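Hi everyone, thanks for coming along. Let me put the sequence and the structure up on the screen, and then we'll walk through them together.

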Amino acid sequence: MTGSQNFIKENKERFLKELMDLLRIPSVSADPHFSKDVHATAELVATHLRSIGIDQVEICETKGYPIVYGEKVVDTKLPTVLVYGHYDVQPADPIDLWTSPPFEPVIQKTEIHPEGAIFARGACDDKGQMFMHVKAVEAMIKSNELPCNVKFMIEGEEEVGSENLGIFVKENVEKLKADIILVSDTGMLANDVPSITTGLRGLSYVEVEVTGPNRDLHSGLYGGCVANPINILAKMIASLHDENNHITIPGFYDKVVELSDEERAEMAKAPFSHANYCKALDIADVMGENGYSTPERGSIRPTLDVNGIWGGYTGEGAKTVIASKAYAKISMRLVPDQDPVEITELFQKHFESIGPAGVKVKVTPHHGGEAAVTPIDSIGYKAASLAYEKTFGVKAIPVRSGGSIPIVAMFEKVLGLKTILMGFGLDSDAIHSPNEHFGLFNYYRGIETIPYFYKNFTELSK
Ligand code: BES
Ligand code: MN
Ligand code: MN
């Protein structure tokens, strides 16, 4: 792989410039206002794939944003790596909290990234990490070191639930035939503590609406006499956790797979500092389900969180009013073997049952997805592990993550394929938050590590 590694060294500046250009297009999939930009980003990704020598690059239209697909066949007898990533990004809001405009990438040094990091929406999630694969494959192709076949499938709707990708995968089982799926859309523990993600949580996302009286009321004339939907919603939400921070929805934990003491002991070996964790978030203490550590609460345990809550008067000054309606968006992170459809139903039934007679309760399901765990005794995992060891000089630790990539469970169900989650971001990179960034160290180390995965996977497949 020396040719590829030299190629990477010689082209670092260009690789950075190209990523920065990609980050300039605001491909926010959640907001239709950016529709043109999302399409333009798909075009740019396709252009890059063509320019590095990927054959048959297509922009596959869907009911939503297109999927960019391409493949390079070296020899049909060799294994095939299917790379998945996403070119869409989260909304940049709240824009005021960014120190530089979200779609004008700049390099800035931070405590954790002394050599600099690229600040822009999507820098880490997932344009930067997706683009590492494009550049790594470029390096292998240009130096005649691509050891196996490669397919790219880059979507534009990950941040809104990947519904159309799910359909695409089901309709293209033959086209997507591969031996392993490779994804960089997760993180690692620290720049000197590389880790490989071995699990993702599932998701059930719902919106709730509590309706009281048929119109907004004067809070003096009616206050104390009718159910105030906002008061009621707050109570209903508060009741979803008990004093041990267990979730109170009947049946919620029924299918949760509990880890063995051995597995928990193994998990506890990964470095974690309570003090640093609190310091980084400027909190006096953590909070979560009794009986579990912070890393466990954030990965192997299911959770329920309000993501947004609104209703009534929120403008300047004071308005004395009892609102007719109150709303909230609630997410539940799931673990194996919880079924998102079933959990959504359990939530709906329970939430509707706890509303008092004076209100009507409506629950509307949004997207969801199943959790996924990947084995650490597969050749895919070994290939990744050896690749990290080569470039980082230390062994990577297997770590289950709390985030969700719902398509990963579908890859296994529909294509029968395991996914290797080689993430290079850090939790402190502020994905989905203002000032998202991606370390230059992480970007380049990712590009350098990926070719070794291809080499190891091809050799181990023999
Ligand atoms: N890349 C993230 C998921 C992620 C980040 C997993 C870090 C592990 C570590 C992905 O883009 C994402 O944000 N997923 C959403 C779910 C989706 C259905 C909107 C999430 O986890 O909230
Ligand atoms: Mn992502
Ligand atoms: Mn994301």
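Here is one to start with: in which helix do Glu448 and Arg445 both lie, and how many residues apart are they? Both sit in helix H13 (residues 440-461), 3 residues apart, about one turn of the helix. As a reminder, an α-helix has 3.6 residues a turn, so residues three or four places apart point the same way. Glu448 and Arg445 form a salt bridge, with their closest N and O atoms 3.2 Å apart; by salt bridge I mean a side-chain nitrogen of Lys or Arg within 4 Å of a carboxyl oxygen of Asp or Glu. Glu448 and Arg445 are both buried, where buried is under 20% relative accessible area, exposed is over 50% and partly exposed is in between, using a 1.4 Å probe and protein chains only. Helices here are DSSP runs of H or I with at least four residues, strands are runs of E with at least two, and both are numbered from the N terminus.

A quick word on the ground rules. This is a predicted model, so local features need pLDDT of at least 70 and side-chain atom pairs count only at pLDDT 80 or more, while totals for chains, interfaces and linings use all residues. Residues are numbered from 1 along each chain as its sequence is written, chains are lettered from A and ligands numbered from 1 in the order in which they are written, and side-chain values use heavy atoms, leaving out hydrogens and water.

Back to the charges. The whole structure has 22 salt bridges. In one of them, Lys135 meets Glu18 at 2.7 Å, N to O. Lys135 belongs to helix H4 (residues 127-142) and Glu18 to helix H2 (residues 12-23), so this pair ties together parts that are 117 residues apart in sequence. Lys135 is buried at 1% relative accessible area, and Glu18 counts as buried at 15%. Both belong to a network of salt bridges that links Arg14, Glu18, Lys135, Glu138 and Lys142.

Now for another setting: Lys77 pairs with Asp75 in a salt bridge, the closest N and O atoms being 3.9 Å apart. Lys77 is exposed, at 74%, and Asp75 is partly exposed, at 29%.

Next, please find Ser4 in helix H1 (residues 2-10). Ser4 is buried, with 0% relative accessibility. Its side chain makes a polar contact with the side chain of Glu145 at 2.4 Å. A polar contact is a pair of N or O atoms within 3.5 Å; within protein, one must be able to donate a hydrogen and the other to accept it, and residues adjacent in sequence count only if both atoms are side-chain atoms.

What about helix H5 (residues 163-171)? Its buried residues are Asn164, Leu165, Gly166, Phe168 and Val169. They pack against strands E1, E2, E3 and E6 and helix H12, with contact meaning heavy atoms within 4.5 Å.

Finally, the domains. The assignment, which is automatic or from a database, gives domain 1 (3-200 + 371-461) and domain 2 (202-256 + 302-369). Their centres, taken over C-alpha atoms, are 36 Å apart. Domain 1 brings 10 residues to the contact and domain 2 brings 9. How many salt bridges cross this interface? The rule finds 0, but 3 residue pairs are in polar contact between the two domains, both residues at pLDDT 80 or more.
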